[in-house]
Amino acid sequence: MSAFPTPAPLDLVDVTLEYPDGTGTTTALDRVNLTAHAGQLVSLVGPSGSGKSSLLATAATLVRPTSGQVLIDGTDTTGLKDKELTALRRSKIGIIFQQPNLLPSLTAAEQLIITDHLRGKPARAARDRAAGLLDVVGLSASARKLPHQLSGGQRQRVNIARALMGSPKVLLVDEPTAALDHERSEAIVRLLRQVTTDFSVATVMVTHDTEFLPLTDAVATMRDGRLTAPVLAGA
Ligand SMILES: Nc1ncnc2c1ncn2[C@@H]1O[C@H](COP(=O)(O)OP(=O)(O)OP(=O)(O)O)[C@@H](O)[C@H]1O
């Protein structure tokens, strides 16, 4: 019996993704199976072009697979309309890209508050939640700073806090440390480790930083669109 509660926040079942490619197709994902449980941080590694970004985009429901199923918190997304997918994504999935993509004219706190505004949540609750999350990522003192007044690591922390605003079940993270030095990279992976546990999210993180893999629970490797079963980190 599994020690994890069901349903898993993220479950990819036999997912295949083909892109049209001139006369034929490129198979970016080839019958991929991946389950990520609440509180679990799974890292995804593999050479360039092996399908890591395709996997994240499919898990994020931004791209529909050619075949197979993407289940988010037990909901099979296969038959959902675009509007339903958008609603599901807003309520269940947090996405963290390599570059924080913060809005230049908004303070750190406002970057978070605006996402709740888009969800139609009350402003007061949004302000409180934003303050709490900025505290979690160690940025309380920088709540009023604009993106250009923050360091790269601090901007990535705002990005992480923003992704948590909607209380997601799933966090999808694409190379969060690509633009950071060693020390800041380690701090960001440790923070992702902490929020994955504390907020009980299922996190999948694409990374090239093999030295930080032991901080994660499991490592899955992509090769030519195929995914190996996740193995315990450090095993
Ligand atoms: N929009 C697209 N149209 C056509 N082919 C694509 C598209 N996106 C990705 N591919 C192809 O799908 C395969 C997987 O690409 P993907 O970007 O997922 O790999 P990756 O492992 O994320 O690479 P990297 O580490 O370089 O970011 C590659 O062969 C790529 O050329």
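This dialogue walks through how to read several features of the structure above.

User: What kind of model is this, and how are residues numbered?

Analyst: It is a predicted model: local features need pLDDT of at least 70, side-chain atom pairs count only at pLDDT 80 or more, and totals for chains, interfaces and linings use all residues. Residues are numbered from 1 along each chain as its sequence is written.

User: How many residues surround the ligand, and which are the closest?

Analyst: A residue is near a molecule if its C-beta atom, placed from the backbone, lies within 6 Å of it. Here 13 residues surround the ligand. The closest are Y19, A28, S48, S53 and S54.

User: Which elements give two or more residues to that shell?

Analyst: Helices (H or I, at least four residues) and strands (E, at least two) are DSSP runs, numbered from the N terminus. In this shell the elements are β1 (10-21), β2 (24-36) and α1 (52-59). The largest share, three residues, comes from α1.

User: How do the shell residues divide by type?

Analyst: Ala, Val, Leu, Ile, Met, Phe, Trp, Tyr, Cys and Pro count as nonpolar; Asp, Glu, Lys and Arg count as charged; the others, Gly among them, are polar. The shell holds three nonpolar, eight polar and two charged residues.

User: Is L10 buried or exposed?

Analyst: Count the other C-beta atoms, placed from the backbone, within 10 Å of the residue's own: 20 or more means buried, 12 or fewer exposed, and in between partly exposed. L10 is buried, because 28 other C-beta atoms lie within 10 Å. This residue is found in strand β1.

User: What is L10 in contact with?

Analyst: Two residues are in contact if their C-beta atoms, placed from the backbone, lie within 7 Å. Leaving aside neighbours within four places in sequence, the contacts of L10 include T35, A59, I72 and V204.

User: Which residues touch the most other members of the largest nonpolar core?

Analyst: A nonpolar core is a set of buried Ala, Val, Leu, Ile, Met, Phe, Trp, Tyr and Cys residues joined through C-beta atoms within 7 Å. The largest has 58 residues, and A59, L172 and V204 touch the most other members. Beyond four places in sequence, L172 is in contact with L56, A59, A60, I93, I95 and V204.

User: And what covers the buried residues of α3?

Analyst: Helix α3 spans residues 108-118, with L112 and I113 among its buried residues. The cover includes α4 (123-136) and α5 (152-164).

User: Where does D181 lie?

Analyst: D181 lies in the loop between β7 (170-174) and α6 (182-198). D181 is exposed, because it has 10 other C-beta atoms within 10 Å.
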